[in-house]
Amino acid sequence: MTVVDAHHHVWDLSVRDQDWITGPELAPLRRTFTMQDLEPEARAAGVGRTVLVQTITVPGETPEFLALAEEHDLIAGVVGWTDLTRPDVADELARLRELPGGPYLKGIRHQVQGESDPAWLLRADVRRGLAAVADAGLVYDLVVLPHQLPACVRAAEDLPGLTFVLDHLGKPPIASGALEPWASGLRALAALPNTAAKLSGLVTEADLASWTVEDLRPYADAALEAFGPGRLMYGSDWPVSTLGAAYGDILDATRRLTDPHDHPQIFETTATRVYGL
């Protein structure tokens, strides 16, 4: 089994700012993180392929990521960003795929978690953009908060031809120990066949200083029950995850949260199938 890390980032602060890195808790992230930083850790952990995911909503990042994928054989796919509300979004997606590294574009993501409108995904202009993503044969990654899950359900119902991938399990409130209403929203989304989810980003929703695998277990168990291993994939969320654990420790924790019988799907085949790696 070649482990696929289906969710990580890179950024270079000398190229552009990451304006979401604010406050003392995120201060360790206020530096450049490159593939040269990640690759030794990933290889040591048995990771053979990765999916590089967008971080900010600027047009320049996705072409850079596609070019990076051409340079680094560890990167098997890119989830980029484009403005879903632009009237020519279909043309823009086609343009991105014609750029150097364009075949590595596997999906699109927008920072929905930062939108004040909980029904942002249901806006007519956004829905038109999502339909263009589906027509292009790409996946749509959902980065949302628990209160936005109902809109995710509606969007997935309205667009059965588009595969929606829920990043970080929808950011459950692990630090508080609460399960509802997050778990109900998760189950409603998982009930739709055109959805999948990532076991990623859980440590940073827990208590960074004192989290344990058992703190994460109720949330991983809820996801396994809802989606099953065939629609779950592993993601490190590096380097954000370094706030709470080293790269290898995140992978180890995910192994401990899941049945070894399910590991081939969670750590390789689900991501390979969903993203067409």
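In the predicted model, phenylalanine 164 stands opposite threonine 195 of strand E7. Strands E6 and E7 run parallel and are joined by three bridges. Strand E7 covers residues 195-199, and five of its five residues are buried. In a regular strand the side chains alternate between the two faces of the sheet.

Strands E3 and E4 pair in the parallel sense over three bridges, and glycine 80 stands opposite isoleucine 108 in E4. Six of the six residues of E4 are buried, so this strand is largely enclosed by the rest of the structure.

Leucine 74 lies in the loop between H2 and E3. The relative accessibility of leucine 74 is 0%, and the residue counts as buried because the limit is under 20%. When neighbours within four places in sequence are left aside, the contacts of leucine 74 are Met35, Glu39, Ala42, Arg43, Val47, Gly48, Arg49 and Thr50. Between leucine 74 and aspartate 221 the C-alpha to C-alpha distance is 30 Å, with a separation of 147 residues in sequence.

The largest nonpolar core holds 82 residues, and the members that touch the most others are Leu121, Leu130, Tyr140, Leu142, Phe164 and Leu232. Helix H7 (residues 213-227) supplies the largest share of this core, with nine residues. Another core, of 12 residues, lies apart from it and includes Val4, Val53, Val139 and Val165. Leucine 142, a member of the largest core, is in contact with Leu121, Cys152, Phe164, Val165, Leu166, Asp167 and Leu189, again leaving aside neighbours within four places in sequence.

Six aromatic pairs were found in a search of the whole structure. A pair of aromatic rings is described by the distance of the centres and the angle of the planes. For tryptophan 11 and phenylalanine 33, the ring centres are 5.4 Å apart and the planes stand at 75°, so the pair is edge-to-face. Tryptophan 11 and phenylalanine 33 both lie in the loop between E1 and helix H1 (35-44), so the pair ties together parts that are 22 residues apart in sequence. Tryptophan 11 is buried, with a relative accessible area of 3%, and phenylalanine 33 is buried with a relative accessible area of 3%. Ring pairs link Trp11 and Phe33 with Trp20 and Trp238 into a cluster.

A further pair is formed by tryptophan 182 and tyrosine 219, whose ring centres are 5.4 Å apart and whose planes stand at 55°, so the pair is tilted. Tryptophan 182 belongs to helix H6 (residues 182-190) and tyrosine 219 to helix H7, so parts that are 37 residues apart in sequence are tied together by the pair. Tryptophan 182 is buried, with a relative accessible area of 0%, and tyrosine 219 counts as buried at 1% relative accessibility.

According to UniProt, in an unreviewed entry, residues 4-277 carry the feature "domain: Amidohydrolase-related". Over residues 4-277 the chain is 37% helix and 14% strand. The C-alpha atoms at the ends of this stretch are 10 Å apart.

Note on methods
Residues numbered from 1 in each chain as written. Predicted model: local features only at pLDDT ≥ 70, side-chain atom pairs only at ≥ 80, totals over all residues. Heavy atoms only, no water. Core = buried A, V, L, I, M, F, W, Y, C linked by side-chain atoms within 4.5 Å. Buried < 20%, exposed > 50% of the residue type's maximum accessible area, 1.4 Å probe, protein only. Helix = DSSP H or I, 4+ residues; strand = E, 2+ residues; numbered from the N terminus. Contact = heavy atoms within 4.5 Å. UniProt positions renumbered as here; feature names shortened; annotations may be inferred. Phe/Tyr/Trp six-rings, centres within 6.5 Å; stacked < 30°, edge-to-face > 60°. Pairing = 2+ DSSP bridges.
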